[in-house]
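Take a look at the chain below.

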Amino acid sequence: MTLTRLVLFSGWGIDARIWQPLIACLHARLAHVTETDEQADDGADNEAADKAKSRPLEIIAPDWPEEGPQADSRAGSEPTASHSSLGGPDTLWLGWSLGALRAEALAKKQAPAALVSLAMGPSFIDQAAAEQMIPALAPEVLEDFRAAFARNPAASWQHFLRWQASGEASARDCLRQLRELIGRHPVSREAVLATGLAELASRQMSLAPQSELPLEFWLGKQDPLLAPGLSAALRAQGQAVAEFEGGHCLPLSATEALADALLTRMGLATHVTHISEDA
């Protein structure tokens with residue numbers, strides 16, 4: 001089935017501007033695929049040619065409530081951009097980091113065709129009471145960060161940017177690009193960021209049967225924010241996992257590979273993606 005709408009959910013402390021390079025790459029990729037199809041057709045199959053020309057792709061990158069450049073003018077509990085109509089059988093959701101945890105909860109109400117969890121396992125922090133034995137970071141990792149955030153929110157936010165960029169092949173370039181996109185200061189209020197940290201400590205996905213919500217995990221091989229052994233453990237439980245060369249900032253470090261993988265997953269391209277399905 002071809003999916004024609006893509007919704008991108010951003011993570012903690014970083015608004016939807018993070019998606020600008022990926023969105024540009026997706027449009028460029030789709031235009032190239034369409035042009036290639038038109039050239040290959042050369043009048044042979046008008047129906048196929050018309051289908052190639054009309055491939056639609058709607059991309060929505062909403063900000064979460066009270067987050068993003070226009071945060072002060074918004075309120076509510078769901079992301080912007082048509083709150084009640086982000087799902088649907090033609091829609092793929094991609095949630096990055098905390099955005100994946102939030103999207104999984106929201107999907108129970110809005111029912112997208114599938115959800116891709118980018119750079120996030122079923123939980124960020126090890127949940128002691130959880131029945132599903134999937135690796136996650138130790139609770140004290142986030143506890144220490146939350147304590148530092150309470151003392152100095154701005155410095156802790158800057159540290160978080162450096163932390164998530166540290167897994168990339170060129171951490172300095174990734175950090176520079178990140179700051180160019182979102183600025184050098186958080187746009188969300190401290191209370192909103194603190195709430196997000198509490199969500200990272202408590203949210204956990206329900207690994208429901210694939211028939212309820214097709215769920216895939218797309219993870220960076222060098223992600224410093226993921227526990228060792230996560231990919232293998234997910235595969236052992238029958239979960240769909242793809243690994244990318246990169247760390248936590250895959251929207252920036254693996255832009256082209258992500259674009260190819262998304263178009264292929266949505267049925268909008270047939271070329272081989274640059275991801276590894278190896279364990």
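A salt bridge is a side-chain nitrogen of Lys or Arg within 4 Å of a carboxyl oxygen of Asp or Glu. This is a predicted model, where local features need pLDDT of at least 70, side-chain atom pairs count only at pLDDT 80 or more, and totals for chains, interfaces and linings use all residues. Residues are numbered from 1 along each chain as its sequence is written, and side-chain values use heavy atoms, with hydrogens and water left out.

## The chain as a whole

The chain has 10 helices and six strands. Helices (H or I, at least four residues) and strands (E, at least two) are DSSP runs, numbered from the N terminus. The chain has 279 residues, and 53% of them are buried. Buried means under 20% relative accessible area, exposed means over 50%, and partly exposed lies in between (1.4 Å probe, protein chains only).

The chain exposes about 12600 Å². Carbon and sulfur atoms supply 50% of that area. Accessible areas come from the Shrake-Rupley method with a 1.4 Å probe, and for residues only the protein chains shown count as cover.

Now for contacts, meaning heavy atoms within 4.5 Å. Among those between residues at least 6 apart in sequence, 70% join residues at least 24 apart.

## Salt bridges

Side chains of opposite charge can pair when their charged atoms come close. The structure holds 10 salt bridges. Three of them are listed here.

| Pair | Closest N and O atoms |
|---|---|
| Glu-199 and Arg-102 | 2.7 Å |
| Arg-176 and Glu-180 | 3.2 Å |
| Glu-104 and Lys-108 | 4.0 Å |

Glu-199 forms a salt bridge with Arg-102. This pair links distant parts of the chain: Glu-199 sits in helix α7 (residues 190-202), Arg-102 in helix α3 (residues 98-110), and 97 residues separate them. Both Glu-199 and Arg-102 are buried.

Glu-104 and Lys-108 both lie in helix α3. They are four residues apart, so about one helical turn separates them. Glu-104 is buried, at 5% relative accessibility, whereas Lys-108 is exposed, at 60%.

Arg-176 and Glu-180 are also four residues apart, in helix α6 (residues 171-182), so about one helical turn lies between them. Arg-176 is partly exposed because its relative accessibility is 43%. Glu-180 is exposed, with a relative accessible area of 57%.

An α-helix has 3.6 residues a turn, so residues three or four places apart point the same way.

Salt bridges also form a network that links Arg-29, Glu-256 and Asp-260.

## Helix α10

Helix α10 covers residues 255-265 and is mostly covered, with eight of its 11 residues buried. Among them are Leu-258, Leu-262 and Leu-263. Asp-260, a member of the salt-bridge network, is also one of the buried residues of α10. Just after α10, Gly-267 takes a positive phi of about 75°.

## Cysteines

How many disulfides are there? The count is zero, where a disulfide is a pair of cysteine sulfur atoms within 2.5 Å. Cys-174 is in no disulfide, and the nearest cysteine sulfur, that of Cys-249, is 3.8 Å away. Cys-174 is buried, at 5% relative accessibility. Cys-25 is buried too, with a relative accessible area of 12%.

## One more residue

Ala-155 is found in helix α5 (residues 153-165). Is Ala-155 buried or partly exposed? Ala-155 is partly exposed because its relative accessible area is 39%. Ala-155 and His-185 are 30 residues apart in sequence and 9.5 Å apart in space, C-alpha to C-alpha.
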